[in-house]
Amino acid sequence: MFTVLSILFCAIIAGAILLRMGFKLQMERALDITVFVLIALFGLSIGQDDNLLHNASSIGWAALLIASLGMAGSVLFSLLYQRLLHLPNIPVAVAETADEHKLKKTDLLLRLLRSSKLPLVLLAGMLMGYYSLLPKSWGSSKVSFVVLCLLIAEVGLSLGNRPDLKTVMKSVDFKILLLPFFTIVGTLLFSALGAIVLPFSVRDVLTVGSGFGYYSLSSFLILDQKAAMIGQSAAVELASLSLLINLLRELVALILCEPLSRSGRVYQAVSLAGVTSMDVCLPMIVNSRTSPQNMPIAIVHGIVLEISVPLLLSVLC
């Protein structure tokens, strides 16, 4: 885990230095490709494990329960955050027109279609593993770790190279920094309740619930850290559970963030989105019709959670 954290922070610094030198990196395509490769490798590991395939339905139900509990906890704790700090709802600055509403629906559909690619890539990897179309060594944790390090480097470079990072950081105050803390606590506390009815320890439930919508990074960090401790098969099971939990969170956030923001429940939308409040779900929270203060709330929340995921997993794993 020290290697992963070192790569992340070095890449953030490198991205910031490159930005100061006038180099604006376009990391979106590289990130997408790396994520797809990781998901395919992950599917390969699942397809090669007969026991895991037999338990697929139970893993699905467990993911649905933990994801629902985590999302409920984050939303409820964002309400508590508002109550404790006496923060009112943030109303929509300008009412949207009918044409703009149609464009939003189209944008939402495109984002949902993008997210639907991930399960298809996962399924393709599982089929290749099940029918032994690729060497078994490709599904090993060593291969996944190399690609994971590449993803960590790309995430760090992308984060440090954000042109708006300095502007956002200047607008940060103590209240804004508290929201991700409430999201973390609410998500983990409610996720832990799943251990009451599921055949997993509280620690394992907290581990798989610590992704906050960051499906690619969290699942592979769990796989990398847990494989040596509990074996490859058990680690793949936990990583699969984490992947499903975070995919579900992103899909629900894509659907609910926009109506929540439109009704003034910006803090709830941001908390529900988790890490994706700074990228995938940002257009649902911030647009020409919403209050300008939504931007720093959403981006800072996502950045803090993105950095918190590897730190939390280093403790929980």
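## An all-helix chain, inside and out

Ser-271 is found in helix H12, residues 266-273. Helices here are DSSP runs of H or I with at least four residues, strands are E runs of at least two, and both are numbered from the N terminus. This is a predicted model, in which local features need pLDDT of at least 70, side-chain atom pairs count only at pLDDT 80 or more, and totals for chains, interfaces and linings use all residues. Residues are numbered from 1 along each chain as its sequence is written, and side-chain values use heavy atoms, with hydrogens and water left out.

**Helix H12**

Is Ser-271 buried or exposed? Ser-271 is buried, with a relative accessible area of 0%. Buried means under 20% relative accessible area, exposed means over 50%, and partly exposed lies in between (1.4 Å probe, protein chains only). Leave aside the neighbours of Ser-271 within four places in sequence. Its contacts are then Ser-74, Val-75, Ser-78, Thr-183, Arg-249 and His-301. A contact means heavy atoms within 4.5 Å.

In H12, 8 of the 8 residues are buried, so the helix is largely enclosed by the rest of the structure. Among these buried residues are Val-266, Tyr-267, Gln-268 and Leu-272. What covers them includes H4, H8, H11, helix H13 (282-285) and helix H14 (294-316). After H12 comes Gly-274, whose phi is positive, near 65 degrees.

**The whole chain**

The chain has 14 helices and 0 strands. Of its 317 residues, 49% count as buried. Now take contacts between residues at least 6 apart in sequence. Of these, 84% join residues at least 24 apart.

**The nonpolar core**

A nonpolar core is a set of buried Ala, Val, Leu, Ile, Met, Phe, Trp, Tyr and Cys residues joined through side-chain atoms within 4.5 Å. The largest one has 89 residues. Phe-42, Leu-241, Cys-257 and Ile-285 have the most contacts inside it. H11 gives the most to this core, with 11 residues. What does Leu-241 touch, leaving aside its neighbours within four places in sequence? Leu-241 is in contact with Ile-59, Ala-62, Ala-63, Ile-66, Phe-200 and Val-208.

**Cavity and pockets**

The search uses a 1 Å grid over the protein atoms alone. A cavity is a set of points where a 1.4 Å probe fits but cannot get out. A pocket is an open set with protein on both sides within 12 Å along at least five of seven lines. Lining residues have an atom within 4 Å of a point. Grid points are joined across faces, edges and corners, and a volume is the space filled by probe spheres set on the points.

In the table, Ala, Val, Leu, Ile, Met, Phe, Trp, Tyr, Cys and Pro count as nonpolar, Asp, Glu, Lys and Arg as charged, and the others, Gly among them, as polar.

| Space | Volume | Lining by class |
|---|---|---|
| Largest cavity | about 50 Å³ | 5 nonpolar, 6 polar, 1 charged residues |
| Largest pocket | about 820 Å³ | 15 nonpolar, 5 polar, 9 charged residues |
| Second largest pocket | about 210 Å³ | 11 nonpolar, 2 polar, no charged residues |

The whole structure holds 1 cavity of 30 Å³ or more. Its lining includes Ile-66, Met-71, Thr-187 and Arg-249. Helix H4 (56-85), helix H8 (174-192) and helix H11 (232-262) each give two or more residues to this lining. H4 gives the most, with 4 residues.

The largest pocket is lined by 29 residues. Glu-28, Leu-31, Ser-158, Asp-279 and Val-280 lie nearest its centre. Helices that supply at least two lining residues each are H2 (28-47), H5 (98-130), H6 (141-160) and H10 (215-230). The largest share, 5 residues, comes from H2.

The second largest pocket has a volume of about 210 Å³. Of its 13 lining residues, the closest to the centre are Ile-46, Ala-56, Leu-122, Met-126 and Leu-244. H5 gives the most to this lining, with 4 residues.

**Aromatic rings**

A pair of aromatic rings is described by the distance of the centres and the angle of the planes. Rings of Phe, Tyr and Trp (its six-membered ring) pair if their centres lie within 6.5 Å; planes under 30 degrees apart count as stacked, over 60 as edge-to-face and the rest as tilted. By this rule there are 5 aromatic pairs. One of them joins Tyr-130 and Tyr-131, edge-to-face, at 5.0 Å centre to centre with 90 degrees between the planes. Tyr-131 is exposed, with a relative accessible area of 55%. Tyr-81, Phe-181, Phe-182 and Tyr-267 form one aromatic cluster. Tyr-267 is also one of the buried residues of H12.
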